[in-house]
Amino acid sequence: MTWAFTVPLPASLPSPNSRIHWAERARRVKQAREIVALAARSERNRLDLDKAAKPRTVQLTRIYSARHKIMDADNLTASLKPCQDGLVTAGWLVDDSPAWLTLLPPAQEPGPRPALRVTIWEP
């Protein structure tokens, strides 16, 4: 079974290279996690799915607008961690540990607005 949905995100995902105050970083992390959790829970409810009970595979694709740059692989992976946590909060994943989640390398592609495309597979 495969599910895919897109979540609009703020352009400023927290990156390890961001030179910002710790409180601002914490605010951005919380905001990203909550946005993904809300949209993912809404999608799970729309599809009338129960919370995850099996391991799943996830592909996260960052969609960036023309005003933003491509991130290197390390920063992209780290900046998408709050998004993974939002999927756990929404019930799409039991946990984000390796026992429950196979995370494919994140991808990036240009688009009209910043967003995150989530693709989830269950064996």
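This is a predicted model: local features need pLDDT of at least 70, side-chain atom pairs count only at pLDDT 80 or more; totals for chains, interfaces and linings use all residues.
Local features need pLDDT of at least 70, side-chain atom pairs count only at pLDDT 80 or more, and totals for chains, interfaces and linings use all residues. Residues are numbered from 1 along each chain as its sequence is written, and side-chain values use heavy atoms, with hydrogens and water left out.

Salt bridges were searched for across the whole structure, and seven were found. A salt bridge here is a side-chain nitrogen of Lys or Arg within 4 Å of a carboxyl oxygen of Asp or Glu. Side chains of opposite charge can pair when their charged atoms come close. Helix 1 spans residues 22–46. Helices (H or I, at least four residues) and strands (E, at least two) are DSSP runs, numbered from the N terminus.

Glutamate 24 and arginine 27 form one of these bridges, at 2.7 Å from N to O. The two are three residues apart in helix 1, so about one helical turn separates them. Glutamate 24 is partly exposed at 25%. Arginine 27 is also partly exposed, at 44%.

Glutamate 43 is bridged to arginine 46, with the closest N and O atoms 2.7 Å apart. This pair, too, is three residues apart in helix 1, and therefore about one helical turn apart. Glutamate 43 is buried, with a relative accessible area of 14%. Arginine 46, by contrast, is exposed at 59%.

A further bridge joins the side chains of glutamate 109 and arginine 117, at 2.8 Å from N to O. Glutamate 109 is partly exposed, with 28% relative accessibility. Arginine 117 is partly exposed at 26%. Shared partners join Glu24, Arg27 and Arg28 into one network of salt bridges.

Arginine 44 also belongs to helix 1. This residue is buried but has no salt bridge. Its nearest side chain of opposite charge is aspartate 50, 6.0 Å away. For charge, Lys and Arg count as positive and Asp and Glu as negative, while His and the chain ends are not counted. Apart from neighbours within four places in sequence, arginine 44 contacts Leu49, Asp50, Lys51, Ala90, Gly91 and Trp92. Contact means heavy atoms within 4.5 Å.

Trp92 also takes part in an aromatic cluster, where ring pairs link it with Trp3 and Phe5. Two aromatic pairs were found in the whole structure. Rings of Phe, Tyr and Trp (its six-membered ring) pair if their centres lie within 6.5 Å; planes under 30 degrees apart count as stacked, over 60 as edge-to-face and the rest as tilted.

One cavity of 30 Å³ or more was counted. The largest cavity has a volume of about 40 Å³. Its lining comprises Leu60, Thr77, Leu80, Gln84, Leu103, Leu104 and Pro106. A cavity is a set of points, on a 1 Å grid over the protein atoms alone, where a 1.4 Å probe fits but cannot get out; lining residues have an atom within 4 Å of a point. Grid points are joined across faces, edges and corners, and a volume is the space filled by probe spheres set on the points.

Aspartate 48 has a phi near 55°, a positive value in a residue other than glycine. Most residues other than glycine have a negative phi. Aspartate 48 lies in the loop between helix 1 and strand 2 (56–64). Aspartate 48 is exposed, at 68% relative accessibility.

Notes: Buried means under 20% relative accessible area, exposed over 50%, partly exposed in between (1.4 Å probe, protein chains only). On a 1 Å grid over the protein atoms alone, a cavity is a set of points where a 1.4 Å probe fits but cannot get out, and a pocket is an open set with protein on both sides within 12 Å along at least five of seven lines; lining residues have an atom within 4 Å of a point.
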